[in-house]
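I opened my notebook to look up a few side chains. My notes follow.

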Amino acid sequence: MPSKRNFKVWYVNYDKKNRKTYTEVWQLVGKTQDERDKIRYNIESEITTVKQDTFYQYFHFSSKDSIFYIGVDKYLDPIKLNSYKKMEVKIDADSIVLPFKPFIGEMLPEASCKADILRGTGSVLMSMTVLLVNRKVDGVENIETPAGKFKCYKISSDKISYSGISRNKTKLIEWYAINVGLVRIEEYHRNGKLISYKQLENIAEDFFLP
């Protein structure tokens with residue numbers, strides 16, 4: 001995880017035909033440590049669409065005892081969330097657990113997130129929910145992106161999404177590198193066809209563990 005306040009990393013999201021859909025620039029804007037020695041990293045995410053529309057979202061990571069915690073709200077579609085920017089959005093999210101050095105075959109805890117879109121009266125207009133289940137450390141692989149070559153832990157999971165009355169189940173494959181974090185994520189339909197992927201394309205600062 002980052003320790004420098006001015007660190008930046010660039011991610012690019014692509015569709016199944018390798019066309020860019022949006023970019024994300026993550027910047028560390030704050031770091032705190034509580035009385036239980038849990039470290040929280042506050043991140044500003046600058047998102048730019050292919051139409052050059054730019055908006056900002058905020059989230060956090062945390063770490064304690066060589067375990068990292070990432071809010072499941074990062075698995076919500078940022079473009080869809082931004083479409084409700086003129087309304088109040090209430091998010092209740094668990095954190096996914098990422099051991100610093102997981103073992104191959106390890107099953108990781110499930111996690112979920114719910115986003116309620118509220119009317120002006122405070123009533124719920126619609127809800128979006130994401131469940132991450134069957135999370136498993138599949139192995140160690142070398143992954144190369146424009147940002148470099150990384151030795152990564154490969155983690156798979158099933159993503160179940162609810163939006164209104166619709167339900168969708170997809171497969172996620174993620175690659176995480178020690179001292180770097182997320183390197184690449186791919187999402188697939190149940191028939192195995194690629195939906196989209198996101199990968200790390202530039203790092204402005206080195207990462208250091210706290």
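I began with a rule: a charge sits over a ring if NZ of Lys or CZ of Arg is within 6 Å of the ring centre and within 35 degrees of the ring normal. This is a predicted model, where local features need pLDDT of at least 70, side-chain atom pairs count only at pLDDT 80 or more, and totals for chains, interfaces and linings use all residues. Residues are numbered from 1 along each chain as its sequence is written, and side-chain values use heavy atoms, with hydrogens and water left out.

**Entry: charges over rings**

I looked at Phe 59 and found Lys 74 over its face, 4.3 Å from the ring centre. I then checked Tyr 11, where Lys 198 lies over the face at 5.7 Å from the ring centre.

**Entry: ring pairs**

How many aromatic pairs does the structure hold? I noted five. Rings of Phe, Tyr and Trp (its six-membered ring) pair if their centres lie within 6.5 Å; planes under 30 degrees apart count as stacked, over 60 as edge-to-face and the rest as tilted.
One of the pairs is Tyr 11 with Trp 26, which is tilted, at 4.6 Å centre to centre and 50° between the planes. Tyr 11 lies in strand E1 (residues 8-15) and Trp 26 in strand E2 (residues 20-33), so this pair ties together parts 15 residues apart in sequence. I took strands (E, at least two residues) as DSSP runs, numbered from the N terminus.

Are these two buried or exposed? Tyr 11 is buried at 3% relative accessibility, and Trp 26 is buried at 6%. Buried means under 20% relative accessible area, exposed over 50%, partly exposed in between (1.4 Å probe, protein chains only).

Next I looked up Tyr 14 and Tyr 197, a stacked pair at 4.9 Å centre to centre, with 20° between the planes. Tyr 14 is in strand E1 and Tyr 197 in strand E14, so the pair ties together parts 183 residues apart in sequence. Both are buried.

I also noted a cluster: ring pairs link Tyr 11, Trp 26, Phe 59 and Phe 61.

**Entry: Glu 201**

I found Glu 201 in strand E14 (residues 194-203). Its side chain makes a polar contact of 2.6 Å with that of Tyr 14 and another of 2.9 Å with that of Gln 199. A polar contact is a pair of N or O atoms within 3.5 Å; within protein, one must be able to donate a hydrogen and the other to accept it, and residues adjacent in sequence count only if both atoms are side-chain atoms.

Methods: Helix = DSSP H or I, 4+ residues; strand = E, 2+ residues; numbered from the N terminus.
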